Amino acid sequence: MSAGRDGSADVRAQAWQAELDWLFARQRFGVHPGLGRVQALLARLGDPQRSFRTVLVGGTNGKGSTAATLAAMLRAGDVRAGLFTSPHLTQFTERFMVDGQELPEEVAAAALARVRPQAEAVEASFFEIVTALGALLFAEAGVQVAVMEVGLGGRLDATNALDPVLSVVTNVGLDHTEFLGSTPQAIATEKAGILRAGRPAVVGVGADVEPIFAATGADLWRLDDHLLGTRLLGWEGGQVTLRGPDGPVTLHTPLLGPHGARNAALAALAALRLDLPAGAVTRGAAAAQWPGRLEVLSWQGGRVLLDGAHNPDGARALADALRELGVGPLPLVFGAAGDKDISGVVAALRSCASEVILTRAALSPRAADPQALASLFAGLPVTVTDSPAAALAVLAARQAPLALVCGSLYLLGEVRPLLLGEAAGGRERWQ
């Protein structure tokens, strides 16, 4: 490569970093629910979301794996699919996938440079900007269907400025109560805001809140009404059979645990509502991947299991999955955001741990002080470290055949590249 081309690459890289510096600085302004700013921003960009069909996927837990599985099914059906998720684990461009691939940094940088002046004009927040950027990128990439993971709640989330042809809600649990309310019914009301009267919707919610979703007037399919059977296959994932429009559909998913099988089933039901053929549903389910959620990585002669498990429901699902896999107590590397229900998470995970290595996501100002978490694990051997690298050094000395890292997606975003020997991100993580 010539020196001139090297110089051009350096200029592009510097421009990308400058745009990211500007965007990430906006995280500190916090979360501001409401649709007015993002609608104004999209309008200034020419309403790119009108060039593709949108599926919104919300819920307290499992929305990312459901969205990723649905996107894989669309790809298997020869539909050019975009997948928008948040937060990213390590690299910002993970948030924008087209046909299973991250968009190149230079493409994202050029789009963000166009979004920036319009975003500043309407005083858009970090997540509003990212949502509009995703819509612009998907439009310019010729996406036919965009699967958009809802960020927070639903009714006032920036993604709800897009007009979905189908809405999916995985479940309802207590999380983000400072924004969404302190009861399942209040949170369900917020999440039901992504449904549209007369349009298809698929939900995996409990009977206690299902009437709230039915009251929207959406054409509602409940997962439990269509789920004919589930067979868990240990480390191989699970097999699910659904009642489809043209008869039973059986699929295999590599997602682990009872909740992994349920999320795959929900994605399959959504795919059937989009009129995908059964063959595309089964092929896509088998090909689905979702890093950092019950993901198994080989490391130093053993295996490390990564999972977010950042709220009590997620931690209980993880504990159930470990029991189903036949995993006994194992070394646990744990770190959490300070604004989460950490005691509830720990209560669900204590029985899974043989010892605990506490740490924190170095790039997240929200991370709880690991020393302050030690008392929650009273009765277990506890080691306190000040960084993910230090925690992994302690874990390496144990030479355990299997270990678990969980508690925060931001922590996983720093641990995962260390395990894989990949480049890590270097910016503060608030959202």
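In which sense do strand β9 and strand β10 pair, and over how many bridges?

Reply: Strand β9 (residues 227-232) and strand β10 (residues 238-244) pair in the antiparallel sense, over five bridges. Strands here are DSSP runs (E, at least two residues; helices are H or I, at least four), numbered from the N terminus, and two strands pair if DSSP finds at least two bridges between them. The model is predicted, so local features need pLDDT of at least 70 and side-chain atom pairs count only at pLDDT 80 or more, while totals for chains, interfaces and linings use all residues. Residues are numbered from 1 along each chain as its sequence is written, and side-chain values use heavy atoms, with hydrogens and water left out.

Five residues lie between the two strands, and G234 takes a positive phi near 60 degrees.

Now the sheet. Six strands form an open sheet with mixed pairing, in the order β12-β13-β17-β14-β15-β16. Its edge strands, β12 (293-299) and β16 (382-384), each pair on one side only. From one strand to the next, the twist averages 20 degrees; angles run from 0 to 180 degrees between N-to-C directions, and axes are lines fitted to C-alpha atoms, for helices over the stretch in contact.

Inside this sheet, β14 (residues 330-334) and β17 (residues 402-406) pair in the parallel sense over three bridges. F334 has C406 of β17 as its bridge partner. Helix α12 (residues 312-324) lies across β12, β13 (302-307) and β17, and runs at about 165 degrees to β17; contact means heavy atoms within 4.5 Å.
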